[in-house]
Amino acid sequence: MPPAPGKHGLPSTTRAPAPKHQARRCENRANARERGYTKAWERFRDQHLKRHPLCEYCLADGRTTAASVVDHDLPHEHDPALFWANTFTSLCASHHSGEKQRAEATLSGDELLAWVQRRKHPRKVWGFSIPHGLQPSAIPVTIISGPPASGKSTWARQQSRPGDLVIDFDVIRRAVGGSKWDDRPEIIAAAFTRRGEMLHSLATRTEGRCWFIVMAPTQTERDTWQAALGPLSSVKVMDTPEDVCIERIGRDPDRAPVAARQIEAVRAWADEVAGSHASGA
Ligand SMILES: [Zn+2]
């Protein structure tokens with residue numbers, strides 16, 4: 001699809017900005033503070049990028065790209081109240097100046113918000129973190145799924161034998177130079193790349209087994225992973241109760257910096273399980 005300029009006349013990703021736009025940009029910079037881009041915004045922006053380090057549109061397309069912009073889902077121009085009373089999305093520069101601008105050119109208000117939600121959460125399209133072109137594994141793979149602190153890593157360690165491959169994102173994060181719960185965009189992106197290489201290597205391995213740890217909270221997502229990894233793959237779901245996971249998180253000093261987020265993920269997992277039972281799935 002050829003890039004088209006948005007309604008604000010912002011340049012597309014490849015075209016050099018016209019002089020008119022440059023003038024406008026200078027004017028914008030001068031008024032940046034008046035338009036709401038204050039120190040408070042910078043703090044909010046940094047926090048948001050920590051929580052959502054990857055471009056959320058790229059992620060929905062199955063790509064991992066470090067985000068550089070926190071986008072106002074609704075344009076706040078001409079309405080200072082909308083600057084904070086808004087919802088926000090981490091985007092790469094390309095999606096921010098391209099596809100989002102085009103959406104804003106044709107949609108507004110609730111329609112635009114609905115577009116953003118569909119763009120970010122194509123809920124039925126699970127398995128978004130499966131690397132492109134993944135070939136079926138040539139060795140047995142156990143996909144170990146479960147909420148934080150449900151014992152996935154411990155179980156994998158107990159099952160594995162010398163020569164087996166354990167693929168664990170938290171371990172990979174440290175292997176690529178991050179700290180244990182590092183969520184800097186460059187670390188997350190490097191860890192996804194490294195994990196992709198490990199998953200691709202399964203197609204040509206001849207010995208051992210693989211133990212692959214992944215949250216995968218929905219049945220559909222687990223099925224999608226299993227289909228991608230082929231007939232030698234199976235799924236193990238940790239059935240550790242919600243209260244046990246939360247209690248473990250609470251008493252693990254290592255998890256203190258991410259405890260709130262992990263407890264939230266445990267609760268979301270429990271809701272997902274309850275929901276799938278209620279609907280008979
Ligand atoms: Zn993007």
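**Burial, sheet and cores**

Modeller: Of the 281 residues of the chain, 23% count as buried. The model is a predicted one, and the chain holds 13 helices and 6 strands.

Biologist: What makes a residue count as buried, for instance in helix α6?

Modeller: A residue is called buried if 20 or more other C-beta atoms lie within 10 Å of its own. In α6, which spans residues 99-106, K100, Q101 and E104 are buried. These residues cover an arc of only 100° around the axis, and therefore lie on the same side of α6. Among the elements that cover the buried residues of α6 are β1 (69-72), β2 (88-91), α5 (93-97) and α7 (109-120).

Biologist: Why are β4 and β6 said to stand at the edges of the sheet?

Modeller: The sheet is open, with 4 strands in the order β4-β5-β3-β6 and parallel pairing. β4 (165-168) and β6 (233-237) each have a single partner strand, so one side of each is left without a neighbour in the sheet. From one strand to the next, the twist averages 20°.

Biologist: How do you know that β4 and β5 pair?

Modeller: Two strands pair if at least two bridges are found between them. V166 stands opposite W211 in β5.

Biologist: Which helices lie against these strands?

Modeller: Helix α8 (residues 152-159) lies across β3 (141-145), β4 and β5, and runs at about 180° to β5. Helix α11 (residues 219-229) packs on the sheet, where α11 touches β3 and β6; the direction of α11 makes about 165° with that of β3.

Biologist: Why is a group of residues called a nonpolar core?

Modeller: The name applies because its members are buried residues of kinds such as Ile and Phe, joined through C-beta atoms within 7 Å. The largest nonpolar core has 15 residues, and those with the most contacts inside this core are I143, F212 and I213. β3, β5 and α11 are the elements that give two or more residues to this core, and β5 gives the most, with 4 residues.

Biologist: Which residues does I213 touch beyond its neighbours up to four places away in sequence?

Modeller: I213 touches I144, K152, S153, A156, I167, D168 and F169.

Methods
Residues numbered from 1 in each chain as written. Predicted model: local features only at pLDDT ≥ 70, side-chain atom pairs only at ≥ 80, totals over all residues. Buried ≥ 20, exposed ≤ 12 C-beta atoms within 10 Å, placed from the backbone. Arc of directions from axis to C-beta. Contact = placed C-beta atoms within 7 Å. Axes fitted to C-alpha atoms, helices over the stretch in contact; angles between N-to-C directions.
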